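Subject: Handover of a structure, with notes on what was found

Dear colleague,

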Amino acid sequence: DDNFRSIVSAVKWGRNVYDSIAKFLQFQLTVNVVAITTAVVGAIVLNESPLTAIQLLWVNLIMDTFASLALATEPPTDALLNRKPYPRTKALLSKKMLKHILGQSVFQLVLILLLVFRGEKFFGIDSGRRENQVLASGERNPPSQHYTIVFNTFVFLQLFNELNARKIHDEVNIFTNLWGNTLFLSISVFQVGAQALICQLGGRAFGCTMLTTEQFFICIGLGSLSLPVGLVLRLVAYKPFNSAFKGKANENHETSTRGKELWMRGLRRLRAQVRVIKAFQRGMGQEIRRPLEQQASPS
(Lines give C-alpha, C1' and ligand atoms only; values in the text may rest on other atoms or scores of the structure.)
Protein backbone atom coordinates (compact mmCIF):
# COMPACT_ATOMS: atom_id res chain seq x y z
CA ASP A 1 0.00 0.00 0.00
CA ASP A 2 1.63 3.26 -1.16
CA ASN A 3 -1.07 5.47 0.34
CA PHE A 4 0.59 8.09 2.57
CA ARG A 5 -2.38 8.07 4.97
CA SER A 6 -1.83 4.37 5.62
CA ILE A 7 1.81 5.05 6.51
CA VAL A 8 0.81 7.81 8.92
CA SER A 9 -1.84 5.58 10.51
CA ALA A 10 0.67 2.73 10.92
CA VAL A 11 3.18 5.03 12.63
CA LYS A 12 0.46 6.39 14.91
CA TRP A 13 -0.76 2.94 15.96
CA GLY A 14 2.78 1.66 16.43
CA ARG A 15 3.63 4.49 18.81
CA ASN A 16 0.33 3.99 20.61
CA VAL A 17 1.07 0.29 21.22
CA TYR A 18 4.54 1.17 22.53
CA ASP A 19 3.10 3.77 24.91
CA SER A 20 0.40 1.34 26.10
CA ILE A 21 3.05 -1.19 27.12
CA ALA A 22 5.02 1.52 28.91
CA LYS A 23 1.91 2.73 30.77
CA PHE A 24 1.15 -0.76 31.99
CA LEU A 25 4.74 -1.29 33.14
CA GLN A 26 4.76 1.98 35.08
CA PHE A 27 1.54 1.04 36.86
CA GLN A 28 2.47 -2.60 37.45
CA LEU A 29 5.93 -1.92 38.88
CA THR A 30 4.54 0.64 41.32
CA VAL A 31 1.95 -1.84 42.62
CA ASN A 32 4.54 -4.61 42.94
CA VAL A 33 7.06 -2.47 44.82
CA VAL A 34 4.47 -1.28 47.35
CA ALA A 35 2.78 -4.67 47.85
CA ILE A 36 6.01 -6.64 48.24
CA THR A 37 7.63 -4.09 50.56
CA THR A 38 4.51 -3.91 52.73
CA ALA A 39 4.36 -7.70 53.01
CA VAL A 40 8.10 -7.99 53.80
CA VAL A 41 8.07 -5.22 56.43
CA GLY A 42 4.97 -6.74 58.03
CA ALA A 43 6.53 -10.20 58.12
CA ILE A 44 9.74 -8.88 59.71
CA VAL A 45 8.27 -6.44 62.22
CA LEU A 46 4.84 -7.94 62.98
CA ASN A 47 5.38 -11.61 62.06
CA GLU A 48 2.42 -11.25 59.69
CA SER A 49 1.49 -9.51 56.47
CA PRO A 50 -1.04 -6.66 56.74
CA LEU A 51 -2.38 -7.84 53.36
CA THR A 52 -3.70 -11.40 53.17
CA ALA A 53 -3.03 -13.78 50.28
CA ILE A 54 -6.60 -13.38 48.96
CA GLN A 55 -6.31 -9.60 49.11
CA LEU A 56 -3.03 -9.72 47.17
CA LEU A 57 -4.71 -12.01 44.64
CA TRP A 58 -7.42 -9.39 44.10
CA VAL A 59 -4.76 -6.67 43.79
CA ASN A 60 -2.97 -8.75 41.16
CA LEU A 61 -6.24 -9.21 39.32
CA ILE A 62 -6.65 -5.43 39.24
CA MET A 63 -3.06 -4.98 38.14
CA ASP A 64 -2.69 -7.71 35.53
CA THR A 65 -6.11 -8.07 33.96
CA PHE A 66 -8.26 -4.98 34.38
CA ALA A 67 -5.42 -2.45 34.35
CA SER A 68 -3.93 -3.94 31.19
CA LEU A 69 -7.32 -3.70 29.47
CA ALA A 70 -7.90 -0.16 30.70
CA LEU A 71 -4.45 1.20 29.81
CA ALA A 72 -4.12 -0.67 26.51
CA THR A 73 -7.37 0.63 25.04
CA GLU A 74 -6.35 4.27 24.68
CA PRO A 75 -7.10 5.26 21.07
CA PRO A 76 -4.18 6.86 19.17
CA THR A 77 -4.18 10.63 18.74
CA ASP A 78 -2.47 12.98 16.31
CA ALA A 79 -0.30 14.25 19.18
CA LEU A 80 1.70 11.01 18.90
CA LEU A 81 3.10 12.28 15.59
CA ASN A 82 4.53 15.44 17.15
CA ARG A 83 7.39 13.72 18.98
CA LYS A 84 10.59 12.36 17.50
CA PRO A 85 10.90 8.60 16.92
CA TYR A 86 12.59 6.54 19.60
CA PRO A 87 16.04 5.10 18.79
CA ARG A 88 16.36 1.32 18.68
CA THR A 89 18.60 1.35 21.77
CA LYS A 90 16.14 3.29 23.95
CA ALA A 91 15.19 1.57 27.21
CA LEU A 92 11.51 0.72 27.67
CA LEU A 93 11.55 2.38 31.11
CA SER A 94 12.36 6.05 30.58
CA LYS A 95 13.78 8.36 33.24
CA LYS A 96 10.41 10.05 33.57
CA MET A 97 8.72 6.71 34.18
CA LEU A 98 11.30 5.73 36.81
CA LYS A 99 10.72 9.08 38.50
CA HIS A 100 7.00 8.32 38.81
CA ILE A 101 7.55 4.70 39.88
CA LEU A 102 9.95 5.66 42.67
CA GLY A 103 8.00 8.74 43.74
CA GLN A 104 4.63 7.00 43.93
CA SER A 105 6.15 3.94 45.61
CA VAL A 106 7.77 6.00 48.36
CA PHE A 107 4.60 8.01 48.98
CA GLN A 108 2.33 4.96 49.06
CA LEU A 109 4.69 3.02 51.32
CA VAL A 110 4.87 5.86 53.83
CA LEU A 111 1.08 6.19 53.89
CA ILE A 112 0.41 2.43 54.15
CA LEU A 113 2.98 1.89 56.90
CA LEU A 114 1.59 4.86 58.83
CA LEU A 115 -1.85 3.25 58.65
CA VAL A 116 -0.46 -0.13 59.71
CA PHE A 117 1.38 1.19 62.78
CA ARG A 118 -0.67 4.29 63.70
CA GLY A 119 -3.94 3.97 61.80
CA GLU A 120 -5.99 2.71 64.75
CA LYS A 121 -5.25 5.93 66.68
CA PHE A 122 -6.27 8.14 63.76
CA PHE A 123 -9.58 6.30 63.24
CA GLY A 124 -10.21 5.63 66.94
CA ILE A 125 -10.59 1.85 66.52
CA ASP A 126 -8.98 -1.28 67.93
CA SER A 127 -5.62 -2.31 66.55
CA GLY A 128 -5.56 -5.25 64.16
CA ARG A 129 -1.90 -6.02 64.76
CA ARG A 130 -1.15 -9.46 66.12
CA GLU A 131 0.99 -8.06 68.94
CA ASN A 132 -2.09 -6.42 70.45
CA GLN A 133 -4.25 -9.55 70.39
CA VAL A 134 -4.22 -12.72 72.46
CA LEU A 135 -4.19 -15.60 69.98
CA ALA A 136 -3.48 -19.28 70.29
CA SER A 137 -0.38 -20.63 68.62
CA GLY A 138 -0.86 -20.70 64.84
CA GLU A 139 -4.23 -18.94 65.01
CA ARG A 140 -4.84 -16.28 62.38
CA ASN A 141 -5.94 -12.74 63.13
CA PRO A 142 -9.69 -12.27 62.81
CA PRO A 143 -10.78 -9.60 60.30
CA SER A 144 -10.48 -6.12 61.78
CA GLN A 145 -11.53 -2.66 60.73
CA HIS A 146 -7.91 -1.59 61.10
CA TYR A 147 -6.50 -3.92 58.45
CA THR A 148 -9.61 -3.53 56.29
CA ILE A 149 -8.86 0.20 56.15
CA VAL A 150 -5.25 -0.58 55.20
CA PHE A 151 -6.38 -2.88 52.39
CA ASN A 152 -9.08 -0.50 51.15
CA THR A 153 -6.70 2.48 51.11
CA PHE A 154 -4.04 0.43 49.32
CA VAL A 155 -6.47 -0.54 46.54
CA PHE A 156 -7.75 3.01 46.04
CA LEU A 157 -4.17 4.28 45.87
CA GLN A 158 -3.67 1.96 42.90
CA LEU A 159 -6.97 2.87 41.26
CA PHE A 160 -6.17 6.59 41.36
CA ASN A 161 -2.58 5.95 40.29
CA GLU A 162 -4.04 4.15 37.28
CA LEU A 163 -5.18 7.58 36.11
CA ASN A 164 -1.64 8.90 36.53
CA ALA A 165 -0.32 6.02 34.43
CA ARG A 166 -2.39 7.20 31.43
CA LYS A 167 0.35 9.75 30.69
CA ILE A 168 4.03 8.77 30.64
CA HIS A 169 5.61 11.91 29.16
CA ASP A 170 4.91 14.28 32.07
CA GLU A 171 1.75 15.70 30.49
CA VAL A 172 0.10 17.92 33.10
CA ASN A 173 -3.49 17.05 32.18
CA ILE A 174 -3.99 13.32 32.75
CA PHE A 175 -7.71 13.56 31.95
CA THR A 176 -7.22 14.33 28.25
CA ASN A 177 -9.53 12.13 26.12
CA LEU A 178 -10.65 10.31 29.28
CA TRP A 179 -14.38 10.68 28.63
CA GLY A 180 -13.96 9.35 25.11
CA ASN A 181 -12.52 6.07 26.37
CA THR A 182 -15.67 4.27 27.48
CA LEU A 183 -13.86 0.98 28.14
CA PHE A 184 -11.45 2.63 30.60
CA LEU A 185 -14.36 4.30 32.40
CA SER A 186 -16.38 1.07 32.49
CA ILE A 187 -13.46 -0.92 33.92
CA SER A 188 -12.79 1.78 36.53
CA VAL A 189 -16.43 1.79 37.66
CA PHE A 190 -16.38 -2.02 37.88
CA GLN A 191 -13.16 -1.96 39.94
CA VAL A 192 -14.60 0.55 42.42
CA GLY A 193 -17.86 -1.40 42.73
CA ALA A 194 -16.10 -4.74 43.18
CA GLN A 195 -13.77 -3.26 45.80
CA ALA A 196 -16.74 -1.86 47.74
CA LEU A 197 -18.47 -5.27 47.72
CA ILE A 198 -15.30 -7.11 48.80
CA CYS A 199 -14.56 -4.61 51.53
CA GLN A 200 -18.09 -4.52 52.95
CA LEU A 201 -19.28 -8.07 52.30
CA GLY A 202 -16.08 -10.08 51.81
CA GLY A 203 -15.95 -11.20 55.43
CA ARG A 204 -13.37 -13.72 56.60
CA ALA A 205 -12.82 -15.04 53.07
CA PHE A 206 -11.17 -11.75 52.10
CA GLY A 207 -10.01 -10.85 55.61
CA CYS A 208 -12.33 -7.83 55.72
CA THR A 209 -14.97 -6.48 58.02
CA MET A 210 -17.61 -3.87 57.30
CA LEU A 211 -16.53 -0.22 57.46
CA THR A 212 -18.67 2.78 58.25
CA THR A 213 -19.54 5.19 55.45
CA GLU A 214 -17.18 7.77 56.93
CA GLN A 215 -14.30 5.30 57.12
CA PHE A 216 -14.89 4.14 53.55
CA PHE A 217 -14.84 7.66 52.12
CA ILE A 218 -11.75 8.54 54.15
CA CYS A 219 -10.04 5.59 52.44
CA ILE A 220 -11.09 7.00 49.07
CA GLY A 221 -9.77 10.42 50.07
CA LEU A 222 -6.42 8.96 51.13
CA GLY A 223 -6.22 7.00 47.88
CA SER A 224 -6.94 10.13 45.84
CA LEU A 225 -3.73 11.69 47.21
CA SER A 226 -1.97 9.79 44.42
CA LEU A 227 -3.30 12.42 42.01
CA PRO A 228 -1.62 15.52 43.56
CA VAL A 229 1.54 13.50 44.16
CA GLY A 230 1.54 12.56 40.48
CA LEU A 231 1.06 16.22 39.53
CA VAL A 232 4.04 17.26 41.65
CA LEU A 233 6.17 14.53 40.06
CA ARG A 234 5.16 15.68 36.58
CA LEU A 235 6.14 19.27 37.38
CA VAL A 236 9.53 18.25 38.79
CA ALA A 237 12.18 18.09 36.07
CA TYR A 238 14.48 15.09 36.12
CA LYS A 239 17.48 16.72 34.41
CA PRO A 240 18.81 18.53 37.52
CA PHE A 241 18.84 15.21 39.39
CA ASN A 242 20.80 13.58 36.60
CA SER A 243 23.44 16.31 36.59
CA ALA A 244 23.70 16.19 40.38
CA PHE A 245 24.39 12.45 40.37
CA LYS A 246 26.64 12.37 37.33
CA GLY A 247 28.82 15.33 38.31
CA LYS A 248 32.18 15.42 36.62
CA ALA A 249 31.51 12.22 34.69
CA ASN A 250 28.69 14.02 32.92
CA GLU A 251 31.06 16.83 31.91
CA ASN A 252 33.54 14.31 30.50
CA HIS A 253 30.71 12.65 28.59
CA GLU A 254 29.64 16.01 27.12
CA THR A 255 33.25 16.77 26.13
CA SER A 256 33.56 13.38 24.47
CA THR A 257 30.25 13.88 22.66
CA ARG A 258 31.34 17.33 21.47
CA GLY A 259 34.64 15.94 20.17
CA LYS A 260 32.86 13.15 18.34
CA GLU A 261 30.46 15.65 16.79
CA LEU A 262 33.34 17.83 15.55
CA TRP A 263 35.12 14.77 14.15
CA MET A 264 32.01 13.67 12.24
CA ARG A 265 31.48 17.21 10.93
CA GLY A 266 35.06 17.34 9.64
CA LEU A 267 34.68 13.92 8.04
CA ARG A 268 31.52 15.04 6.25
CA ARG A 269 33.30 18.13 4.92
CA LEU A 270 36.22 16.02 3.70
CA ARG A 271 33.86 13.68 1.86
CA ALA A 272 32.12 16.66 0.25
CA GLN A 273 35.46 18.05 -0.93
CA VAL A 274 36.45 14.67 -2.38
CA ARG A 275 33.17 14.52 -4.30
CA VAL A 276 33.79 18.04 -5.68
CA ILE A 277 37.32 17.12 -6.78
CA LYS A 278 36.09 13.95 -8.50
CA ALA A 279 33.35 15.88 -10.26
CA PHE A 280 35.89 18.49 -11.37
CA GLN A 281 38.21 15.77 -12.66
CA ARG A 282 35.39 14.16 -14.62
CA GLY A 283 34.50 17.53 -16.14
CA MET A 284 38.12 18.27 -17.11
CA GLY A 285 38.46 14.82 -18.63
CA GLN A 286 35.44 15.42 -20.82
CA GLU A 287 36.82 18.82 -21.95
CA ILE A 288 40.15 17.21 -22.93
CA ARG A 289 38.62 14.23 -24.72
CA ARG A 290 36.22 16.33 -26.78
CA PRO A 291 38.91 18.13 -28.96
CA LEU A 292 40.82 14.88 -29.39
CA GLU A 293 37.69 13.12 -30.64
CA GLN A 294 37.00 15.99 -33.06
CA GLN A 295 40.55 15.76 -34.48
CA ALA A 296 40.35 11.99 -34.82
CA SER A 297 37.02 12.08 -36.64
CA PRO A 298 37.26 12.22 -40.50
CA SER A 299 36.47 15.61 -41.99
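At what N to O distance do the side chains of Arg83 and Asp19 meet in a salt bridge? The distance between N and O is 3.1 Å, where a salt bridge is taken as a side-chain nitrogen of Lys or Arg within 4 Å of a carboxyl oxygen of Asp or Glu. Arg83 lies in the loop between H2 and H3 while Asp19 belongs to helix H1, so this pair ties together parts of the chain that are 64 residues apart in sequence.

Before the rest, a word on the source: this is a predicted model, in which local features need pLDDT of at least 70 and side-chain atom pairs count only at pLDDT 80 or more, whereas totals for chains, interfaces and linings use all residues. Residues are numbered from 1 along each chain as its sequence is written, and side-chain values use heavy atoms, with hydrogens and water left out.

Overall fold

The protein chain has 10 helices and 0 strands, with helices (H or I, at least four residues) and strands (E, at least two) taken as DSSP runs and numbered from the N terminus. Of the 299 residues in the protein chain, 35% are buried, and the classes are buried for under 20% relative accessible area, exposed for over 50%, and partly exposed in between (1.4 Å probe, protein chains only). Among contacts in the protein chain (heavy atoms within 4.5 Å) between residues at least 6 apart in sequence, 79% join residues at least 24 apart. The chain exposes about 18100 Å², and carbon and sulfur atoms supply 64% of that area, as computed by the Shrake-Rupley method with a 1.4 Å probe, where for residues only the protein chains shown count as cover.

Salt bridges

The structure holds 5 salt bridges, and the pair of Arg83 and Asp19 described above is one of them. Asp19 has 4% relative accessibility and therefore counts as buried.

Another joins the side chains of Asp78 and Lys12, at 2.7 Å from N to O. This pair links distant parts of the chain, with Asp78 in the loop between helix H2 (53-71) and H3 and Lys12 in helix H1, 66 residues apart. Asp78 counts as exposed because its relative accessibility is 53%, whereas Lys12 counts as buried because its value is 18%.

Lys99 also forms a salt bridge with Asp170, and their closest N and O atoms are 2.8 Å apart. Because Lys99 lies in helix H3 and Asp170 in the loop between helix H4 (145-164) and helix H5 (182-201), the pair ties together parts that are 71 residues apart in sequence. Lys99 is buried, with a relative accessible area of 13%, and Asp170 is buried as well, with a relative accessible area of 15%.

Pocket and cavity

The search ran on a 1 Å grid over the protein atoms alone: a cavity is a set of points where a 1.4 Å probe fits but cannot get out, a pocket is an open set with protein on both sides within 12 Å along at least five of seven lines, and lining residues have an atom within 4 Å of a point. Grid points are joined across faces, edges and corners, and a volume is the space filled by probe spheres set on the points.

The largest pocket has a volume of about 730 Å³. Its lining counts 29 residues, of which Asp19, Arg83, Tyr86, Ile168 and His169 are the closest to its centre. Helix H1 (4-45) and helix H3 (95-123) are the elements that give two or more residues to this lining, and H1 supplies the largest share, 5 residues. By class, the lining of the pocket divides into 11 nonpolar, 7 polar and 11 charged residues, with Ala, Val, Leu, Ile, Met, Phe, Trp, Tyr, Cys and Pro counted as nonpolar, Asp, Glu, Lys and Arg as charged, and the others, Gly among them, as polar.

In the whole structure there is 1 cavity of 30 Å³ or more, and about 30 Å³ of space lies in the largest cavity. The residues that line the largest cavity are Phe27, Val31, Val59, Ile62, Met63, Val155 and Gln158; 6 of the lining residues are nonpolar, 1 is polar and none is charged. The largest share of this lining, 3 residues, comes from H2.

With best regards
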